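Please read the points below beside the model, and check each against the coordinates as you go.

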Amino acid sequence: MKIPVCSPVIPENAKKYVCNAIDRNWVSSRCLDEEVNYLKKLEEGFSQYIGVRFGTAVTSGTTALDLAVAALGIVPGDEVIVPDFTMIATVSAVIHNGAVPVFVDADPGTWCMDATRIEEAVTEKTRAIIPAHIYGYPCDMDAIMETAERHGIPVIEDAAEAIGTVYKGKMAGSIGRIGCFSFYANKTVTSGEGGMLVTDDEELYTKAAMLKDQGFGEPRFIHEEIGFNFRMNNLTAAYAFASFEEAGEYVKSKIRNARAYSELLAGIDGITLPPRGGDDIVNSYWMYGILIDERQFGLSKTEVRKRLKEEFGVDTRDFFYPMHKQPALLKKGFVKDGSSMPVSWRLWEKGMYLPSSTDIRPEEIKYTADALKRLKKRG
Ligand SMILES: Cc1ncc(COP(=O)(O)O)c(C=O)c1O
C-alpha cells in the first residue's frame, strides 16, 4: 500500500463554481456579478463560521500574516513575540515588515507557544504577539490574552493550521485582534493556495483590505500608503468556497481519523500521542502528530520515518525545525547568542506526523498503526 502524508479532497462543487465564474467572465479579484461573486460569498461565509464580522481573502496564509502585521502599523525597530516551534511564515511576516521576532519556547503539553514564558519576552518595544495553533490544537489563549491585555499589546492568531479548532467555545482565529488562515493544498479548507485575514475590528479590516490592494483609495492612483498585491482572484475563491461549504464535514472526518489513530496507538511504549483537548477544547487535528522516544521505542523517529516509507509505503513528515536553529534567521542575526529552546528542540528530535488526509480510509489508518507496531517489535 502507498499512503501519502496528505492529499487534498476535491470538493463536489469546485468545478461547477470555477466554471460559473469563467462562464460569466469574472476571473480577477473584482466581481460585480452577485451570482458568481465567490470572493464575497467566501469572505462572508468564512468570517461568519469563525464568528467574527469581517474577512478579507488573500493569496496565502503567509500573506495574511504579512498583511496583519502591516495593518497593525508595525514598523522597523518594533518587536513581535512569536513561537519558536512553528512554520517559518509566522516569523517571516514580522521580518518582511522590518520588525524583530522574539522567540518563545513551546509548551510540552500542547506543542504551542508556552504562554507562561511570554511575560519575560515583553519589552517596551513589543508591538504584537503571534501565537500559532500547532497541528490544530489551540494555544492557551486565556493566558496569552491576559498578558497581552495587561501590556496593551494586540494578538494576531496564526490559525493557518486551525480551521475548526475551538477554544472555550470560541473558534480559533476569533479570539485575538486578527486571525490568519491558510487555504494551502494540505489545509482543511483549501484552494491549492490562498488565505484569509479575519477580524471583528472594522477599522483594521478596512486598513487590511486597502493594504492588500496596493493601498488604492479615492481618488484612484493617489496612494496614502504603500501596500501590496495580496488579492485573491475569483477563480481561487470559487474553489475555496466549494471547499469551505464542506468544512463542517472535513473537520468531523479529521477528528474521527485522529480518534482511530489514538485508539490503535494507545499504550505503545515510546509513542506519545497528540494533545486531546477536553470538553471546552476541540483539537481539529490538522495533522496527526506523534513523538517517538528512541530509548523506549527502540528506533529514532528518523529511522521510523525511513522504514515506514521504505518497508511499508507510508509517507510521513518531520515536525517543524525550531526557529532559533534556522540558518536564515541565524545569518540575519535574529537569534540571540546562547538561545536555548529545549522543548521545541525535543519536539523536532522526536516529532513526526502520520498520514492525515481528510479522506484517509480506516484501513489506511489501521495499516499505518500496524506498521508502527511491527517496527516496534522488530526494532
Ligand atoms: C503555522 C503556519 N503559519 C502560516 C502558514 C503559511 O500558510 P501558506 O502556506 O498558505 O502561506 C502555514 C502553512 O503551512 C503554517 O503551518
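The numbered points below take up a strand, a helix, a lysine and a pocket in turn.

1. Basis of the note. This is a predicted model, in which local features need pLDDT of at least 70 and side-chain atom pairs count only at pLDDT 80 or more, while totals for chains, interfaces and linings use all residues. Residues are numbered from 1 along each chain as its sequence is written, and side-chain values use heavy atoms, with hydrogens and water left out.

2. Strand E14. Helices (H or I, at least four residues) and strands (E, at least two) are DSSP runs, numbered from the N terminus. Strand E14 (residues 351-354) is covered on both faces, with Gly 351 and Tyr 353 buried on one side and Met 352 and Leu 354 buried on the other; buried means under 20% relative accessible area, with a 1.4 Å probe and protein chains only. In a regular strand the side chains alternate between the two faces of the sheet.

3. Partners of E14. Two strands pair if DSSP finds at least two bridges between them. E14 pairs in the antiparallel sense with strand E12 (residues 288-292) over 4 bridges, and with strand E13 (residues 317-318), again antiparallel, over 2 bridges. Met 352 stands opposite Ile 290 and is also the bridge partner of Asp 318.

4. Helix H4. Of the 8 residues of helix H4 (residues 89-96), 6 are buried, namely Ala 89, Thr 90, Val 91, Ser 92, Ala 93 and Val 94. Their cover includes helix H3 (61-71), strand E2 (79-83), strand E3 (100-104), strand E5 (156-158) and helix H11 (327-331). After H4 comes Gly 98, with a positive phi near 85°.

5. Lys 187. In the loop between strand E8 (178-182) and strand E9 (195-199) lies Lys 187, which is buried yet has no salt bridge, the nearest side chain of opposite charge being Glu 161 at 5.8 Å. A salt bridge here is a side-chain nitrogen of Lys or Arg within 4 Å of a carboxyl oxygen of Asp or Glu. Leaving aside residues up to four places away in sequence, Lys 187 touches Ala 160, Glu 161, Ser 182 and Trp 286, where contact means heavy atoms within 4.5 Å.

6. The largest pocket. The volume of the largest pocket is about 510 Å³. Among its 18 lining residues, Ser 29, Arg 30, Cys 31, Asp 213 and Arg 231 are the closest to its centre. Helix H2 (38-50) and helix H6 (202-212) are the elements that give two or more residues to the lining, and H6 gives the most, with 4 residues. On a 1 Å grid over the protein atoms alone, a pocket is an open set of points where a 1.4 Å probe fits, with protein on both sides within 12 Å along at least five of seven lines, and lining residues have an atom within 4 Å of a point; the volume is the space filled by probe spheres set on the points, which are joined across faces, edges and corners.

How values were computed:
Buried means under 20% relative accessible area, exposed over 50%, partly exposed in between (1.4 Å probe, protein chains only). Lys and Arg count as positive and Asp and Glu as negative; His and the chain ends are not counted.
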